[in-house]
Amino acid sequence: MAEIQTINLLIESLRKLPGVGVKSAERMAYQILDMKEEYVHQFISSLDGVINRIGKCPICGSYMEDNICPFCNDETREQNTIIVVSSYKDALAIEKLKSFRGKYHILNGSLSPTKGIGIKDINIDSLLKRVSSPEVKEVVLATNPTIDGETTALYISKLLENYPLVVTRLAYGLPMGGQLDYCDE
C-alpha cells in the first residue's frame, strides 16, 4: 500500500515533541484526521499564534505577547528580589505556590557541556544588567537539582560574588534529578 506523504510529514512533526514516539505520533495524526475541520483550524491557528505573537521578554526572558511579559509588567511585585529559573514552566510552578512576589529571570536553559549548551546559549547577560540596579538586594537561584542545574547555579553564584547583594539557593525539597515543573503546590 502506498504511503501518503502528508500524513507521514504530520507524524514526523509530532514525533519531534518530547516523549512522543512513533506509535503515539501515529495515533495523534490519525486523530487529527478524524477531528472536525473547525478544531483542526483552531489547532493550526494556535500554532500560528505561537510563531507570530509569542516572543521573549527583553527584561527577564519570559514568554510574552506584548512588549513586556506579565511578570515584568506587574508593578505590585517586589523589585528587590529576583528568582532565577531555568524555564518559563519553572516560573509557573513557583507562581502556583503563591508565596513569591518578586521578579523572575528565566535563563531559557541550563549550562550543559555534554549537550553543547554554553554561557552564550542561556540568558545570563540580561541578568547581570538587572542585578546592577541598586534596588536589587537578593537573587534566589532556583535552577533544577540536576547536574546541569547545579552547574548553572554555581556559575551564576560565582558571577554575582562581586555584586552588593545576597545570593541564595532554593531549598532542597526536591530529589536530586527532579524538575521544578513536576512539583505541585
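Predicted model: local features only at pLDDT ≥ 70, side-chain atom pairs only at ≥ 80, totals over all residues.
Residues are numbered from 1 along each chain as its sequence is written, and side-chain values rest on heavy atoms, with hydrogens and water left out.

The protein chain contains 7 helices and 6 strands; helices (H or I, at least four residues) and strands (E, at least two) are DSSP runs, numbered from the N terminus. Along the sequence these elements follow the pattern α-α-α-β-β-α-β-α-β-α-β-α-β. The C-alpha atoms fill a box of roughly 70 × 35 × 30 Å, taken along the principal axes. Of the 185 residues in the protein chain, 34% are buried. Here, buried means under 20% relative accessible area, exposed over 50%, and partly exposed in between (1.4 Å probe, protein chains only). The chain exposes about 12,000 Å², of which carbon and sulfur atoms supply 56%; accessible areas come from the Shrake-Rupley method with a 1.4 Å probe, and for residues only the protein chains shown count as cover. Contact is defined as heavy atoms within 4.5 Å. Among contacts between residues at least 6 apart in sequence, 53% join residues at least 24 apart.

Helix α5 spans residues 88-97, and its buried residues are Asp90, Ala91, Ala93 and Ile94. Viewed down the axis of α5, these buried residues fall within an arc of 160 degrees, so they line one face of the helix; the arc is that of the directions from the helix axis to the C-beta atoms. In general, an α-helix has 3.6 residues a turn, so residues three or four places apart point the same way. On the other side of α5, Lys89 and Lys96 are exposed. The cover over the buried residues of α5 includes α4 (70-73), β3 (81-85) and β4 (103-106). After α5 comes Lys98, which has a positive phi, near 55 degrees.

Aromatic pairs were assigned to rings of Phe, Tyr and Trp (its six-membered ring) with centres within 6.5 Å; planes under 30 degrees apart count as stacked, over 60 as edge-to-face and the rest as tilted. The count by this rule is 4 aromatic pairs. Tyr63 and Tyr88 form an edge-to-face pair, with 5.2 Å centre to centre and 70 degrees between the planes. This pair links distant parts of the chain, since Tyr63 lies in strand β2 (residues 63-64) and Tyr88 in helix α5, 25 residues apart. Tyr63 is partly exposed at 39% relative accessibility, and Tyr88 is partly exposed at 27%. Phe100 and Tyr104 also form an edge-to-face pair, at 5.4 Å centre to centre and 70 degrees between the planes. Both Phe100 and Tyr104 are buried. Ring pairs link Tyr63, Phe71, Tyr88, Phe100 and Tyr104 into a cluster.

Arg130 is located in helix α6 (residues 125-131) and is buried, with a relative accessible area of 12%. Not counting residues up to four places away in sequence, Arg130 touches Ile59, Cys60, Ile82, Lys103, Tyr104, His105 and Val136.

The structure holds 7 salt bridges, a salt bridge being a side-chain nitrogen of Lys or Arg within 4 Å of a carboxyl oxygen of Asp or Glu. Arg77 forms a salt bridge with Asp74, the closest N and O atoms being 3.8 Å apart. Arg77 is buried, with a relative accessible area of 4%, whereas Asp74 is partly exposed at 21%. Arg77 also pairs with Glu95, where the closest N and O atoms are 2.7 Å apart. Glu95 lies in helix α5 and Arg77 in the loop between α4 and β3, so the pair ties together parts that are 18 residues apart in sequence. A further salt bridge joins Asp148 and Lys115, with the closest N and O atoms 3.7 Å apart. This pair links distant parts of the chain: Asp148 belongs to helix α7 (residues 147-159) and Lys115 to the loop between β4 and α6, 33 residues apart. Lys115 is exposed, with a relative accessible area of 61%. Salt bridges that share partners join Asp74, Arg77, Glu95 and Arg101 into one network.
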